[in-house]
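Let's take a walk through this protein, from its overall build down to single side chains. Have the viewer open as you read.

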Amino acid sequence: MIKIDVEQMRKQFLTNDMARDKGLNEPENLVKIKNLSYGTHGIENQFDIYYPKGTTAPLPTIISIHGGGFFYGSKEIYRFYTMFLATQGFTVINCNYRLAPENTYPAPLEDINSLMQWLLQYGENYFVDMDQLFLVGDSAGAQLTGQYATMVSNPAYAKQFDFAVAPVQLRAIALNCGVYFIGQQAAVNQDFPHYFGEKVSEATTAQFPVERFMTDKFPPAFIMTATHDFLKDMAKPLANILQSKNVPIDYHLYANSDDTELGHVFHLDQKSSIAKECNLATIEFFKKFLE
C-alpha cells in the first residue's frame, strides 16, 4: 500500500500553483460572488459564482470540480481558470469540497450532491440555469465528475449510495487529465488509501469500477490529456468505453508544437496559448449541446 506525505505534498502543490498564477489578475468584466455556503462543513463547503457583467437572465452553467489527488485543491487555486470560462458567456460555479485524509470516500460526492441541491433551490437568484448544466473536472476532479455523471444518469447506480442523488441532468461534461480507476475495485486500488481508507467496505467495493455502470445515458464527454501527463494512458480507454456505449465524445491528446513537455493539468495555466486552445475547445463542445 502506497503511503504519501499529505502535508508535504500540499505545500509543494501550492508552491507550484502559486508560481503558475503569479502576475495574473482577475478579469474585470465579471460579477464575482464569493464564499457562499452550500453545506455544513465550513470552508470546505464554500463556493463562488461568476457570470458576465450585464447578465439579466439565467445562463448555461458550468460547475468546476477541482483536482488534487483527493487531498489538495481549492476554489482559490482554480479561480483564474473558472473565471476564464465565465468570460465565454456562462455562469460558473467554482467550489470547494471535503478533502482526504481528514474525510474519506464518498465525502466529495456527497458534497457535489449537496451543491446540486443548493443550486436547485437558490441558483436562479444567481443566473444559474439548471436545465443547461455542465461539469468540468481534472485529475481527481475528473474521476469525481465521471462518477457523479454516472450517478445522475443511471438510477440503479445512484441507489447504491446512502444519500438521495439530486434530480439533475447534465448536458455534457469535460474530463481533463483524469484518473479513472478503470477496471479496478476500490478495495484493490492501492494508490489512494488516504481517500478510500485502509479498510474498504463491501458497499464501496461494489461501486467500482465505475465504468461498469456507465450507460448510453451518460452525458456527452470532452476528454483530454497531454503528451507528458502521467495519467494520459487512462484517457483513451475511457473514451473507447463511452464510445462503445454510443455516448458522444471528443477526445484530445494535446502536444506542444515544438515537442517540449506538456504536462498534467496544463489547461489551468492561463498564460499558456495551448491551455486557451483547449479551454475554448471545451466551450465549443459544450455549446453543441445547448438548447
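A salt bridge here is a side-chain nitrogen of Lys or Arg within 4 Å of a carboxyl oxygen of Asp or Glu. By that criterion the structure holds 13 salt bridges. Please keep in mind that this is a predicted model.

## Salt bridges

| Pair | N to O distance |
|---|---|
| Arg 20 and Asp 17 | 3.1 Å |
| Glu 26 and Lys 34 | 2.8 Å |
| Arg 98 and Asp 111 | 2.9 Å |

Take Arg 20 and Asp 17 to begin with. These residues lie 3 apart in helix 1 (residues 6-21), which means that about one helical turn separates Arg 20 from Asp 17. As a rule, an α-helix has 3.6 residues a turn, so residues three or four places apart point the same way. Both Arg 20 and Asp 17 are buried.

The pair of Arg 98 and Asp 111 links distant parts of the chain. Arg 98 sits in the loop between strand 4 (91-95) and helix 3, while Asp 111 belongs to helix 3, 13 residues apart from its partner. Arg 98 and Asp 111 are both buried.

What about Glu 26 and Lys 34, buried or partly exposed? Glu 26 has a relative accessibility of 23% and therefore counts as partly exposed. Lys 34, with a relative accessible area of 37%, is partly exposed too.

## Overall build

The protein has 9 helices and 8 strands. Its radius of gyration is 18 Å, close to the 19 Å that the globule rule gives for 291 residues, so the protein is as compact as a globular protein of that length. The C-alpha trace spans about 50 × 45 × 40 Å along its principal axes. Of the 291 residues, 55% are buried. Among contacts between residues at least 6 apart in sequence, 76% join residues at least 24 apart.

## Nonpolar cores

In soluble globular proteins, nonpolar side chains tend to be buried together. Which residues touch the most other members of the largest nonpolar core? Among its 63 residues, they are Phe 47, Ile 63, Met 116 and Tyr 148. Helix 4 (residues 140-153) gives the most to this core, with 7 residues. A second, separate core has 34 residues, including Leu 30, Tyr 78, Ile 274 and Phe 286.

Apart from neighbours within four places in sequence, Met 116 is in contact with Ile 63, Met 130, Leu 133, Leu 135, Tyr 148, Ala 166, Val 168 and Leu 170.

At a relative accessible area of 37%, Leu 120 is partly exposed. Leaving aside neighbours within four places in sequence, its contacts are Met 130, Ala 166, Pro 167 and Val 168. The C-alpha atoms of Leu 120 and Asp 131, which are 11 residues apart along the chain, are separated by 9.9 Å.

Helix 9 (residues 273-287) has 15 residues and reaches 21 Å from its first C-alpha to its last, close to the 21 Å expected at 1.5 Å a residue. At its start, a side-chain oxygen of Ser 272 comes to within 3.3 Å of the backbone nitrogen of Ile 274. Ile 274 is buried, as are Cys 278, Asn 279 and Phe 286, among others in helix 9. The elements that the buried residues of helix 9 pack against include helix 2 (79-87), strand 3 (59-65) and strand 5 (128-138).

## Asp 48

To finish, look at strand 2 (residues 46-52), where Asp 48 has its place. Asp 48 is buried, with a relative accessible area of 3%. Its side chain makes a polar contact with the side chain of Tyr 50 (3.0 Å), and another with the side chain of Lys 75 (3.0 Å). Not counting residues up to four places away in sequence, Asp 48 touches Ile 33, Lys 34, Asn 35, Lys 75, Val 92, Ile 93 and Asn 94.

Note on methods:
Residues are numbered from 1 along each chain as its sequence is written. This is a predicted model: local features need pLDDT of at least 70, side-chain atom pairs count only at pLDDT 80 or more; totals for chains, interfaces and linings use all residues. Side-chain values use heavy atoms; hydrogens and water are left out. A nonpolar core is a set of buried Ala, Val, Leu, Ile, Met, Phe, Trp, Tyr and Cys residues joined through side-chain atoms within 4.5 Å. Buried means under 20% relative accessible area, exposed over 50%, partly exposed in between (1.4 Å probe, protein chains only). Helices (H or I, at least four residues) and strands (E, at least two) are DSSP runs, numbered from the N terminus. Contact means heavy atoms within 4.5 Å. The expected span of a helix is 1.5 Å times one less than its number of residues. A polar contact is a pair of N or O atoms within 3.5 Å; within protein, one must be able to donate a hydrogen and the other to accept it, and residues adjacent in sequence count only if both atoms are side-chain atoms. The radius of gyration is taken over C-alpha atoms; the globule rule is 2.2 Å times the number of residues to the power 0.38.
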